[in-house]
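Here's a quick briefing to read alongside the model. Have a look at the fold first, then work through the notes by topic.

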Amino acid sequence: GFKCGIVGLPNVGKSTLFNALTKTAAAQAANYPFCTIEPNTGEVAVPDPRMKKLADIAGSKEIIPTRISFVDIAGLVRGASKGEGLGNKFLANIREVDAIVHVLRCFEDSDITHVEGRIDPVGDAETIETELMLADLESLERRVEQTRKRATGKDKEALAQLPVMEAVIGLLNEGKPARLLLKTLPPEDVPTLKSLNLLTSHPVLYVGNVAEADAATGNNYTEAVAKMAAEQGAEFVVISAAIESEVAQLPEDEAKDFLDALGLSEAGLDRLIRAGYHLLDLITYFTVGPKECRAWTIVRGTKAPQAAGVIHTDFERGFIRANTIAYEDFVGLGGEVPAKEAGKARDEGKEYVVHDGDVIHFRFNT
Ligand code: GDP
């Protein structure tokens with residue numbers, strides 16, 4: 001599955017947010033079980049209002065959403081790249097995630113100590129980014145000589161890695177994260193960048209954690225973070241971890257009233273989960289029948305056989321074709337049969353790139 005790592009300085013609200021995520025998921029019906037994989041990892045359902053419409057039309061008994069994982073990565077402080085705090089353990093945890101959710105303190109509260117002694121979310125972001133960049137630079141400088149030698153010996157992997165490594169070292173020396181390279185790198189070289197296992201090549205979503213009173217409007221701190229995120233091409237959401245942890249304990253109808261009273265249209269966690277999904281460049285296709293309406297996650301650009309492989313490896317191995325109806329056609333025309341009658345069900349082959357919202361039946365040999 002896909003994993004978002006939650007990072008941030010101590011006392012910014014990471015655990016509060018993580019616990020709210022896990023509690024919300026646990027409080028949902030049996031369809032949304034929260035499962036703890038490790039103490040700091042939780043799987044959550046990705047909210048998708050399309051599923052209810054599909055299930056209503058098809059009379060599906062059950063709705064099974066797709067999920068992503070969040071990992072609470074504690075222990076990052078100034079000096080982590082030199083082994084301060086939980087240092088190396090922390091860095092190893094970050095390498096394993098697909099995206100970073102970076103929580104920044106945008107609330108004032110004299111009872112809660114700030115490790116750096118001041119509220120400055122943009123400064124906090126730079127503190128953490130600097131540690132990650134230093135760790136990447138150190139790791140690359142350790143490896144690049146070896147790669148250079150192997151490249152001289154015409155080693156294929158090294159020949160592909162060397163120019164990417166050198167470009168990243170150049171960026172890091174200018175104080176810029178490796179993920180900026182994603183903007184200019186040809187798509188075929190992206191896996192090479194990923195193979196370098198860096199900390200700053202992951203896409204980033206900033207979360208501005210605000211006091212209850214600022215949840216609907218944001219504040220001066222979140223404005224500064226929004227500006228920084230825009231400059232970096234990173235995503236940004238404003239959330240009040242304190243509100244989320246209260247909402248997480250309420251039944252659904254009361255949660256809605258509570259949010260309404262605060263001027264919020266939906267739970268911040270839903271926005272966070274969706275933003276994480278978007279950050280990972282993930283899309284959803286559906287399988288819909290009388291038994292269940294189910295969402296499946298693939299990376300944008302995945303072709304039909306590999307998309308089928310997410311359901312079962314046999315589906316990929318024996319793939320024949322994918323009978324596909326776009327979500328809009330399925331819902332707009334009133335279901336599978338009318339969509340077929342209107343000629344909106346397409347038979348697609350091995351080269352078909354699956355679209356977000358496709359309702360698919362796979363045909364395969366066993
Ligand atoms: P972590 O170290 O980043 O995991 O931070 P925690 O989630 O443990 O939060 C540190 C402290 O800040 C706890 O006492 C939280 O209750 C408190 N806290 C978290 N979010 C907020 C917030 O939005 N407003 C206020 N006033 N306190 C908060």
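Let's start at asparagine 197, which sits in the loop between α6 and β7 (204-209); helices (H or I, at least four residues) and strands (E, at least two) are DSSP runs, numbered from the N terminus. This is a predicted model, where local features need pLDDT of at least 70, side-chain atom pairs count only at pLDDT 80 or more, and totals for chains, interfaces and linings use all residues. Residues are numbered from 1 along each chain as its sequence is written.

**Positive phi in the loops**

- Asparagine 197 isn't a glycine, yet its phi is positive at about 60 degrees.
- Asparagine 197 counts as exposed because it has 12 C-beta neighbours inside 10 Å; the cut-offs are 20 or more other C-beta atoms within 10 Å for buried, 12 or fewer for exposed, and partly exposed in between, with C-beta atoms placed from the backbone.
- Lysine 154 also has a positive phi, near 65 degrees, and is a residue other than glycine.
- You'll find lysine 154 in the loop between α4 (121-152) and α5, and with 8 other C-beta atoms within 10 Å it is exposed.
- For background, most residues other than glycine have a negative phi.

**Overall build**

- The protein chain has 14 helices and 13 strands.
- Its radius of gyration is 23 Å, close to the 21 Å from the globule rule for 366 residues, so the chain is as compact as a globular protein of that length; the radius is taken over C-alpha atoms, and the rule is 2.2 Å times the number of residues to the power 0.38.
- The C-alpha trace spans about 65 × 65 × 35 Å along its principal axes.
- Of the 366 residues in the protein chain, 37% are buried.
- Among contacts with a separation of 6 or more, 69% join residues 24 or more positions apart; a contact means that two C-beta atoms, placed from the backbone, lie within 7 Å.

**Two domains**

- The domain assignment gives domain 1 (3-279) and domain 2 (301-364), with bounds that come from an automatic or database assignment.
- The domain centres, taken over C-alpha atoms, are 32 Å apart.
- Five residues from domain 1 and seven residues from domain 2 make the contact.
- On the domain 1 side, that contact has three nonpolar, no polar and two charged residues; here Ala, Val, Leu, Ile, Met, Phe, Trp, Tyr, Cys and Pro count as nonpolar, Asp, Glu, Lys and Arg as charged, and the others, Gly among them, as polar.

**The core**

- The largest nonpolar core has 90 residues, and Ile6, Leu205, Tyr206 and Val207 touch the most other members; such a core is a set of buried Ala, Val, Leu, Ile, Met, Phe, Trp, Tyr and Cys residues joined through C-beta atoms within 7 Å.
- Helix α10 (residues 268-279) gives this core its largest share, six residues.
- Domain 1 and domain 2 each supply at least three residues to this core.
- Beyond its neighbours within four places in sequence, valine 207 contacts Val101, His102, Val103, Leu104, Val237, Ile239 and Leu272.

**Around the ligand**

- The ligand is surrounded by 16 residues, the closest being Gly13, Lys14, Ser15, Thr16 and Asp109; a residue is near the ligand if its C-beta atom, placed from the backbone, lies within 6 Å of it.
- Two or more residues of this shell come from each of α1 (14-27) and α8 (241-247), with α1 giving the largest share, three residues.
- By class, the shell holds seven nonpolar, seven polar and two charged residues.

**Other loop residues**

- Arginine 179 lies in the loop between α5 (156-173) and α6 (190-195) and counts as buried, with 21 C-beta neighbours inside 10 Å.
- Not counting residues up to four places away in sequence, arginine 179 touches Thr200, Ser201, His202 and Pro203.
- Glutamate 212 is in the loop between β7 and α7 (220-232) and is exposed, with 12 C-beta neighbours inside 10 Å.
- Leaving aside neighbours within four places in sequence, glutamate 212 contacts Ser240, Ala242 and Ile243.
- Lysine 82, in the loop between β5 (67-72) and α3 (87-95), is partly exposed with 13 C-beta neighbours inside 10 Å.
- Lysine 82 and proline 290 are 208 residues apart along the chain, and their C-alpha atoms are separated by 56 Å.
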